[in-house]
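Have the model open as you read.

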Amino acid sequence: MPEKVIIIGSGPAAHTAAIYTGRAKLNPLVFEGMMAAGVAAGGQLTTTTEVENYPGFPEGISGPELMEKMRAQSIKCGARIKTQTVTQVDLKKQPFQVKVDFEIVETESLIIATGATAKRMNIPGEEKLWQKGISACAVCDGALPIFRNKVLVVVGGGDSAVEEATFLTKYASKVYVLVRRDVLRASKVMQERIFANKKIEVLWMTIPIESIGDKKLEGVKVKNSEKNKEYVLEANGLFYAIGHLPNTAFLNNQLELDETGYIKTKPGTTKTNITGVFACGDVQDKVYRQAVTAAGTGCMAALEAEHFLANQSF
Ligand code: FAD
Ligand code: NDP
């Protein structure tokens with residue numbers, strides 16, 4: 001017998017979908033991944049310290065603890081969780097096939113919640129100072145006390161970099177934006193925003209090459225490729241905004257993706273171009289990218305899968 005619903009992923013979207021489909025008595029099977037896309041089961045929040053903007057935790061909660069709680073709630077609601085990575089799917093006919101290790105599992109509906117991975121630069125010192133001044137999410141971490149009234153550095157020239165730099169000016173004394181070319185990729189309207197902000201200075205043709213500090217970030221060594229000059233910016237924050245990679249390679253182009261690899265969903269729903277396959281969380285969202293929005297779309301996917309199953313005869 002095929003499964004009623006399989007959920008692939010382990011972040012807030014996957015666990016919210018598991019909680020809802022579990023309570024709907026669909027006996028969900030979750031493949032949470034084993035260091036899938038280089039991230040531990042639990043998803044992106046396992047790579048951070050304090051989460052201060054997830055409702056229900058007025059004192060804040062550590063990212064790994066929040067994900068442990070979500071996982072425990074999924075199990076309590078009836079989800080079965082396997083710590084395995086899905087390597088392939090076959091969506092050509094019903095029931096769908098999901099391949100894990102050497103096993104193929106069939107399912108009537110599929111919820112994809114495999115998230116996205118923030119790109120990092122892996123410069124010297126980054127591993128040691130990750131989350132000690134270096135981050136890939138300004139909206140998540142920017143308000144932390146270590147960044148208040150400090151000089152901060154954002155890397156990137158796209159809409160995210162502009163948005164994050166502008167956001168950081170609420171807390172920082174100054175924000176440098178390092179752009180590797182002599183133009184921004186960001187939309188014109190976003191560009192106007194960055195140039196109008198007196199706290200922001202754009203350093204063109206410049207990239208970070210080393211992060212400096214022992215217990216916390218104290219400076220960023222940068223290189224200007226035009227002048228072939230290296231120097232140190234004294235700064236206490238380094239934020240990467242150089243894009244994300246949606247975790248969709250295992251789909252092998254069987255679902256409609258946008259030009260950057262995100263799954264396309266019908267506006268206002270989590271429905272993909274294949275009936276019975278739903279996508280939620282960051283794997284289909286390159287704008288909001290927050291735990292609470294991922295959880296919200298996880299709920300939508302579960303309700304839509306439940307509705308789909310109720311109207312099918314297999
Ligand atoms: P993700 O959290 O991206 O998790 C998906 C997981 O699924 C993957 O990590 C992997 O473990 C698993 N997976 C992937 N492929 C497969 C596969 N083929 N088979 C099985 N499993 C697979 N948001 C906030 O709201 N507040 C914050 O404070 C905050 N802080 C952040 C700090 C950092 C450093 C980062 C990087 C992000 C932060 N975010 C924060 C953003 C938030 O983490 C994401 O928006 C959210 O986790 C997205 O959830 P998701 O369910 O889409 O999937
Ligand atoms: P983008 O891929 O658009 O931009 C990434 C930026 O990082 C580019 O400027 C790129 O430089 C730079 N970059 C990439 N790798 C490196 C590197 N190794 N070293 C230095 N710089 C690097 O990603 P975004 O996250 O900005 O945006 C993704 C999508 O989301 C876009 O479609 C964007 O429009 C959308 N978005 C929209 C928002 C909004 O409308 N409010 C907000 C945020 C995102 P280069 O230009 O040279 O390639």
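Between domain 1 and domain 2 there are zero salt bridges, a salt bridge being a side-chain nitrogen of Lys or Arg within 4 Å of a carboxyl oxygen of Asp or Glu. This is a predicted model, with pLDDT of at least 70 needed for local features and 80 or more for side-chain atom pairs, while totals for chains, interfaces and linings use all residues. Residues are numbered from 1 along each chain as written, and side-chain values use heavy atoms, without hydrogens or water.

Domain 1 covers 3-117 + 244-310 and domain 2 covers 120-240, with bounds from an automatic or database assignment. Their C-alpha centres are 31 Å apart. Eight residues from each domain make the contact (heavy atoms within 4.5 Å). About 610 Å² is buried between them, 35% of it from carbon and sulfur atoms; that's accessible area (1.4 Å probe) lost on putting the two parts together, summed over both.

Now the rings. The whole structure has five aromatic pairs, meaning Phe, Tyr or Trp (six-membered ring) centres within 6.5 Å; planes under 30 degrees apart are stacked, over 60 edge-to-face, the rest tilted. Phe195 and Trp204 are one of them, with centres 6.3 Å apart and planes at 40°, so they count as tilted. Phe278 and Phe308 pair edge-to-face, at 6.2 Å and 70°. Both Phe278 and Phe308 are buried (under 20% relative accessible area; exposed is over 50%, partly exposed in between, 1.4 Å probe, protein chains only).

Two charged ends also sit over rings (NZ of Lys or CZ of Arg within 6 Å of the centre and within 35 degrees of the normal):

| Charge | Ring | Distance to ring centre |
|---|---|---|
| Arg120 | Trp130 | 3.7 Å |
| Lys229 | Tyr231 | 5.2 Å |

Methods
Chains lettered and ligands numbered in written order.
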